[in-house]
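Welcome! Take a moment to turn the model around on your screen, then read the briefing below alongside it.

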Amino acid sequence: MVFSSNPLSLSVPDPTFESWLRDSGYLDVIDNQQTAAAAAATTGTSTISDPTITIPISSFLFRYLVSFLSHLWTLLSLLTFNPFAKLTTNDFSGETPSWTKGFFADFGSYSFPASASQARLRVQENVKRYARNYASLFILFFACSLYQLPLALVGLISSLALWDSFRFFSDKWGLDRFPVTEMILVRFVQCVTAIILLWLNVQMALCCTLVVSYIVMLLHAAFRKLTPVKQPSHGRWK
């Protein structure tokens, strides 16, 4: 659905119209409006009515410095809010969006966020839309980390084998009839597992995966433009 900036501007204030767009799920419209407003502001400030006027180099340097600091602040603002604030378990239960058409798309589907608020809007919405894609990337990065740290892979396999063996012998010996003994053995196996994971640097592979996955998720979600989604049928807005 295509909207003008505010087709009901004579009767509905802009904040009210924007609130309705958010509640109705037309976040892509808000994203496009913010991008267009930023582009118009940039064009307006860079237009010179008289071509004979010479602007000092220092003015250009100052303008570029301000632009650089503004972009830097927008990127740093990604660390000031929770990108998972609107994420729910239902976001992992649907179908995985297409990697080529949905997740990556084409070059025109990306742009630098015009402001911190637009970056926040994009991140929180894209994290919901592409939750399954980001989870798949996390698994891929973790597999790459284990490949780079073979001892961590050995430690992870050893831990899984230890717990599988414990479950096998627990069922064979009927430890569920001796809850105290079973609890003691569970605590013992937990301690052994912790020692194996720490000694073989499994936590290092996990930390590297978390950091890389988080950075990739933030950057992709912030630069990925919001696209229209299929809306459920609503009653007529009043």
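A search of this whole predicted structure finds 3 salt bridges, where a salt bridge is a side-chain nitrogen of Lys or Arg within 4 Å of a carboxyl oxygen of Asp or Glu. Side chains of opposite charge can pair when their charged atoms come close. Because this is a predicted model, local features need pLDDT of at least 70 and side-chain atom pairs count only at pLDDT 80 or more, while totals for chains, interfaces and linings use all residues. Residues are numbered from 1 along each chain as its sequence is written, and side-chain values use heavy atoms, with hydrogens and water left out.

**The salt bridges**

- K128 pairs with D91, and their closest N and O atoms are 3.2 Å apart.
- This pair links distant parts of the chain, 37 residues apart: K128 is in helix α5 and D91 is in the loop between α3 and α4.
- K128 is partly exposed at 23% relative accessible area, whereas D91 is buried at 17%; buried means under 20%, exposed over 50% and partly exposed in between, using a 1.4 Å probe and protein chains only.
- E125 forms a salt bridge with R129, with 3.0 Å between the closest N and O atoms.
- Both E125 and R129 sit in helix α5, 4 residues apart, which is about one turn of the helix.
- E125 is buried at 14% relative accessibility, and R129 is buried at 15%.
- R167 and D164 meet through their side chains at 3.1 Å, N to O.
- Helix α7 (residues 150–173) holds both R167 and D164, 3 residues apart, about one turn of the helix.
- R167 is exposed at 53% relative accessibility, while D164 is partly exposed at 44%.

**The overall fold**

- The protein has 9 helices and 0 strands; helices (H or I, at least four residues) and strands (E, at least two) are DSSP runs, numbered from the N terminus.
- Of its 238 residues, 28% count as buried.
- Among contacts between residues at least 6 apart in sequence, 79% join residues at least 24 apart, a contact being heavy atoms within 4.5 Å.

**Segments listed in UniProt**

- An unreviewed UniProt entry lists "transmembrane region" for residues 61–81, 137–163, 183–200 and 205–223; positions are in the numbering used here, feature names are shortened, and annotations may be inferred rather than shown by experiment.
- Residues 137–163 are 96% helix and 0% strand, with end C-alpha atoms 27 Å apart.
- Residues 205–223 are 100% helix and 0% strand, and their end C-alpha atoms are also 27 Å apart.

**Residues to look up**

- T209 lies in helix α9 (residues 202–223) and is buried, with a relative accessible area of 1%.
- Leaving aside neighbours within four places in sequence, T209 is in contact with F138, F141, F142 and S145.
- Y110 belongs to the loop between α4 and α5 (116–129) and is partly exposed at 27% relative accessibility.
- The C-alpha atoms of Y110 and K225 are 5.5 Å apart, although 115 residues separate the two along the chain.
- Not counting residues up to four places away in sequence, Y110 touches F103, F104, H220, F223, R224 and K225.
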